[in-house]
Amino acid sequence: DVNYSYGLKYSKVNDQQKAVAYFENALKMRQEPVYADRLSSSLAYLSAVANIQNQPELAKQIISASDTYNRRTILSYPKNVFYWKTRAKNMYYFYQITNDGNELLQGIQALKTARNLYPTDPKIPYSMALYYSTLYDSTKDNTEKQSWQKLSLEEIDNTIKLKSNYREAYLFKGQLLKKYGLIEEAKKVFDYML
(Lines give C-alpha, C1' and ligand atoms only; values in the text may rest on other atoms or scores of the structure.)
Protein backbone atom coordinates (compact mmCIF):
# COMPACT_ATOMS: atom_id res chain seq x y z
CA ASP A 1 0.00 0.00 0.00
CA VAL A 2 1.36 3.41 -1.02
CA ASN A 3 0.03 5.14 2.12
CA TYR A 4 1.75 2.64 4.39
CA SER A 5 5.00 3.00 2.45
CA TYR A 6 4.91 6.79 2.81
CA GLY A 7 4.07 6.41 6.50
CA LEU A 8 7.18 4.27 6.98
CA LYS A 9 9.34 6.78 5.14
CA TYR A 10 8.11 9.68 7.27
CA SER A 11 8.43 7.59 10.42
CA LYS A 12 12.08 6.84 9.63
CA VAL A 13 12.88 10.55 9.29
CA ASN A 14 10.96 11.27 12.52
CA ASP A 15 8.13 13.21 10.94
CA GLN A 16 5.56 11.32 12.96
CA GLN A 17 2.73 13.74 12.21
CA LYS A 18 2.88 12.95 8.49
CA ALA A 19 3.48 9.27 9.28
CA VAL A 20 0.29 9.16 11.36
CA ALA A 21 -1.74 10.69 8.55
CA TYR A 22 -0.46 8.11 6.05
CA PHE A 23 -0.92 5.19 8.45
CA GLU A 24 -4.49 6.33 9.16
CA ASN A 25 -5.20 6.48 5.40
CA ALA A 26 -3.72 3.02 4.93
CA LEU A 27 -5.94 1.65 7.73
CA LYS A 28 -9.03 3.24 6.19
CA MET A 29 -8.31 1.42 2.96
CA ARG A 30 -7.46 -1.93 4.54
CA GLN A 31 -7.50 -3.12 8.15
CA GLU A 32 -4.01 -4.60 8.35
CA PRO A 33 -2.55 -5.25 11.82
CA VAL A 34 0.89 -4.02 10.81
CA TYR A 35 -0.67 -0.66 9.83
CA ALA A 36 -2.36 -0.39 13.22
CA ASP A 37 0.90 -1.33 14.96
CA ARG A 38 2.87 1.37 13.16
CA LEU A 39 0.11 3.89 13.81
CA SER A 40 0.18 3.03 17.50
CA SER A 41 3.93 3.54 17.63
CA SER A 42 3.83 6.89 15.82
CA LEU A 43 1.00 8.10 18.04
CA ALA A 44 2.98 7.17 21.16
CA TYR A 45 5.85 9.30 19.90
CA LEU A 46 3.47 12.19 19.15
CA SER A 47 2.01 11.97 22.66
CA ALA A 48 5.49 12.69 24.04
CA VAL A 49 5.88 15.61 21.63
CA ALA A 50 2.52 17.05 22.71
CA ASN A 51 3.60 16.77 26.33
CA ILE A 52 6.89 18.55 25.64
CA GLN A 53 4.90 21.30 23.88
CA ASN A 54 2.91 21.74 27.10
CA GLN A 55 -0.31 20.24 25.73
CA PRO A 56 -1.13 17.68 28.44
CA GLU A 57 -4.75 17.16 27.38
CA LEU A 58 -3.77 16.51 23.78
CA ALA A 59 -1.04 14.14 25.01
CA LYS A 60 -3.63 12.16 27.00
CA GLN A 61 -5.94 11.91 23.98
CA ILE A 62 -3.08 10.68 21.79
CA ILE A 63 -2.01 8.17 24.47
CA SER A 64 -5.54 6.81 24.53
CA ALA A 65 -5.64 6.38 20.74
CA SER A 66 -2.19 4.80 20.65
CA ASP A 67 -3.05 2.39 23.45
CA THR A 68 -6.34 1.42 21.82
CA TYR A 69 -4.66 0.48 18.54
CA ASN A 70 -1.95 -1.45 20.35
CA ARG A 71 -4.35 -3.38 22.60
CA ARG A 72 -6.52 -4.35 19.63
CA THR A 73 -3.53 -5.60 17.69
CA ILE A 74 -2.22 -7.64 20.61
CA LEU A 75 -5.68 -9.04 21.32
CA SER A 76 -5.98 -10.19 17.71
CA TYR A 77 -2.38 -11.41 17.37
CA PRO A 78 -1.10 -12.32 20.85
CA LYS A 79 1.82 -14.37 19.51
CA ASN A 80 3.36 -11.61 17.42
CA VAL A 81 6.55 -10.52 19.21
CA PHE A 82 6.72 -7.22 17.32
CA TYR A 83 3.38 -6.05 18.68
CA TRP A 84 4.52 -6.80 22.23
CA LYS A 85 7.74 -4.88 21.61
CA THR A 86 5.67 -1.96 20.33
CA ARG A 87 3.64 -2.13 23.56
CA ALA A 88 6.82 -1.98 25.63
CA LYS A 89 8.17 0.97 23.66
CA ASN A 90 4.84 2.78 23.90
CA MET A 91 4.78 2.29 27.66
CA TYR A 92 8.21 3.93 27.87
CA TYR A 93 6.88 6.97 26.00
CA PHE A 94 3.81 7.05 28.25
CA TYR A 95 6.05 6.93 31.32
CA GLN A 96 7.93 9.97 29.99
CA ILE A 97 4.61 11.83 30.08
CA THR A 98 3.00 10.49 33.25
CA ASN A 99 6.03 9.65 35.44
CA ASP A 100 3.90 6.71 36.58
CA GLY A 101 6.09 3.70 37.32
CA ASN A 102 3.16 1.43 36.44
CA GLU A 103 3.71 2.36 32.79
CA LEU A 104 7.24 0.93 33.02
CA LEU A 105 5.98 -2.16 34.85
CA GLN A 106 3.48 -2.73 32.02
CA GLY A 107 6.34 -2.30 29.55
CA ILE A 108 8.39 -4.88 31.45
CA GLN A 109 5.44 -7.26 31.41
CA ALA A 110 5.15 -6.79 27.63
CA LEU A 111 8.87 -7.49 27.28
CA LYS A 112 8.54 -10.66 29.36
CA THR A 113 5.79 -11.82 27.01
CA ALA A 114 7.98 -10.94 24.03
CA ARG A 115 10.86 -12.90 25.56
CA ASN A 116 8.63 -15.97 25.91
CA LEU A 117 7.83 -15.68 22.20
CA TYR A 118 11.39 -14.92 21.07
CA PRO A 119 13.88 -15.92 23.79
CA THR A 120 17.00 -15.29 21.68
CA ASP A 121 16.39 -11.59 20.94
CA PRO A 122 19.11 -9.62 22.79
CA LYS A 123 17.21 -6.34 22.50
CA ILE A 124 14.50 -7.61 24.84
CA PRO A 125 16.68 -8.02 27.95
CA TYR A 126 18.55 -4.83 26.94
CA SER A 127 15.25 -2.93 27.09
CA MET A 128 14.37 -4.61 30.37
CA ALA A 129 17.69 -3.45 31.84
CA LEU A 130 16.85 0.09 30.72
CA TYR A 131 13.39 -0.06 32.29
CA TYR A 132 14.71 -1.47 35.58
CA SER A 133 17.41 1.21 35.64
CA THR A 134 14.75 3.88 35.10
CA LEU A 135 12.71 2.45 37.97
CA TYR A 136 15.88 2.57 40.09
CA ASP A 137 16.18 6.29 39.30
CA SER A 138 12.57 7.03 40.13
CA THR A 139 12.30 5.35 43.53
CA LYS A 140 13.42 6.64 46.92
CA ASP A 141 13.07 3.34 48.80
CA ASN A 142 16.51 1.71 49.28
CA THR A 143 15.16 -1.84 49.24
CA GLU A 144 13.40 -1.20 45.92
CA LYS A 145 16.49 0.54 44.55
CA GLN A 146 18.60 -2.54 45.33
CA SER A 147 16.04 -4.78 43.65
CA TRP A 148 15.90 -2.64 40.48
CA GLN A 149 19.70 -2.43 40.41
CA LYS A 150 20.05 -6.20 40.67
CA LEU A 151 17.45 -6.83 37.96
CA SER A 152 18.98 -4.28 35.57
CA LEU A 153 22.42 -5.88 35.92
CA GLU A 154 20.99 -9.38 35.46
CA GLU A 155 19.20 -8.32 32.28
CA ILE A 156 22.20 -6.58 30.77
CA ASP A 157 24.22 -9.73 31.49
CA ASN A 158 21.47 -11.76 29.77
CA THR A 159 21.81 -9.45 26.78
CA ILE A 160 25.55 -10.09 26.56
CA LYS A 161 25.03 -13.85 26.92
CA LEU A 162 22.69 -13.75 23.93
CA LYS A 163 25.00 -11.59 21.81
CA SER A 164 28.58 -11.52 23.02
CA ASN A 165 29.69 -8.90 20.46
CA TYR A 166 26.89 -6.40 21.28
CA ARG A 167 29.01 -3.29 21.92
CA GLU A 168 26.07 -1.15 23.03
CA ALA A 169 25.27 -3.71 25.72
CA TYR A 170 28.82 -3.56 27.10
CA LEU A 171 28.69 0.23 27.05
CA PHE A 172 25.33 0.20 28.85
CA LYS A 173 26.64 -2.30 31.41
CA GLY A 174 29.61 -0.03 32.12
CA GLN A 175 27.31 2.96 32.48
CA LEU A 176 25.03 1.03 34.85
CA LEU A 177 27.94 -0.12 37.00
CA LYS A 178 29.26 3.44 37.15
CA LYS A 179 25.82 4.78 38.08
CA TYR A 180 25.53 2.23 40.87
CA GLY A 181 28.93 3.23 42.27
CA LEU A 182 30.68 0.04 41.17
CA ILE A 183 33.57 1.97 39.63
CA GLU A 184 36.18 -0.81 39.49
CA GLU A 185 33.72 -3.19 37.80
CA ALA A 186 32.71 -0.44 35.35
CA LYS A 187 36.36 0.22 34.56
CA LYS A 188 36.89 -3.48 33.76
CA VAL A 189 33.96 -3.43 31.33
CA PHE A 190 35.22 -0.27 29.60
CA ASP A 191 38.78 -1.68 29.43
CA TYR A 192 37.39 -4.88 27.90
CA MET A 193 35.54 -2.83 25.28
CA LEU A 194 38.74 -1.00 24.33
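I started with what lines the largest pocket: H5 gives the largest share, eight residues. My helices are DSSP runs (H or I, at least four residues), numbered from the N terminus. This is a predicted model, where local features need pLDDT of at least 70 and side-chain atom pairs count only at pLDDT 80 or more, while totals for chains, interfaces and linings use all residues. Residues are numbered from 1 along each chain as its sequence is written, and side-chain values use heavy atoms, leaving out hydrogens and water.

**Largest pocket**

I noted a volume of about 610 Å³ for the largest pocket. Its lining has 25 residues, and Ser41, Phe82, Lys85, Thr86 and Lys89 are the closest to the centre. Helices H3 (33–52), H5 (81–98) and H7 (123–138) are the elements that give two or more residues to that lining. For my own reference, a pocket is an open set of points on a 1 Å grid over the protein atoms alone, where a 1.4 Å probe fits, with protein on both sides within 12 Å along at least five of seven lines; lining residues have an atom within 4 Å of a point. A volume is the space filled by probe spheres set on the points, which are joined across faces, edges and corners.

I sorted the lining by class: twelve nonpolar, eight polar and five charged. Nonpolar covers Ala, Val, Leu, Ile, Met, Phe, Trp, Tyr, Cys and Pro, charged covers Asp, Glu, Lys and Arg, and the others, Gly among them, are polar.

**Second largest pocket**

Which helix gives the most to the lining here? I found H4, with four residues. The volume is about 160 Å³, and the lining includes Leu27, Tyr69, Arg72 and Tyr77.

**H5 against its neighbours**

I checked H5 and H6 (residues 101–117) next: their axes come within 8 Å and cross at roughly 165°. Axes are lines fitted to C-alpha atoms, for helices over the stretch in contact, and angles run from 0 to 180 degrees between N-to-C directions. That angle makes H5 roughly antiparallel to H6 (over 145 degrees; under 35 is roughly parallel, 65 to 115 roughly perpendicular, the rest oblique).

Then I turned to H3 and H5, whose axes come within 9 Å and cross at roughly 10°. These two helices are therefore roughly parallel to each other. Their contact (heavy atoms within 4.5 Å) includes Ser41 and Ala44 of H3, and Phe82, Thr86 and Lys89 of H5. I counted by class again: ten nonpolar, seven polar and two charged residues in the contact of H3 with H5.
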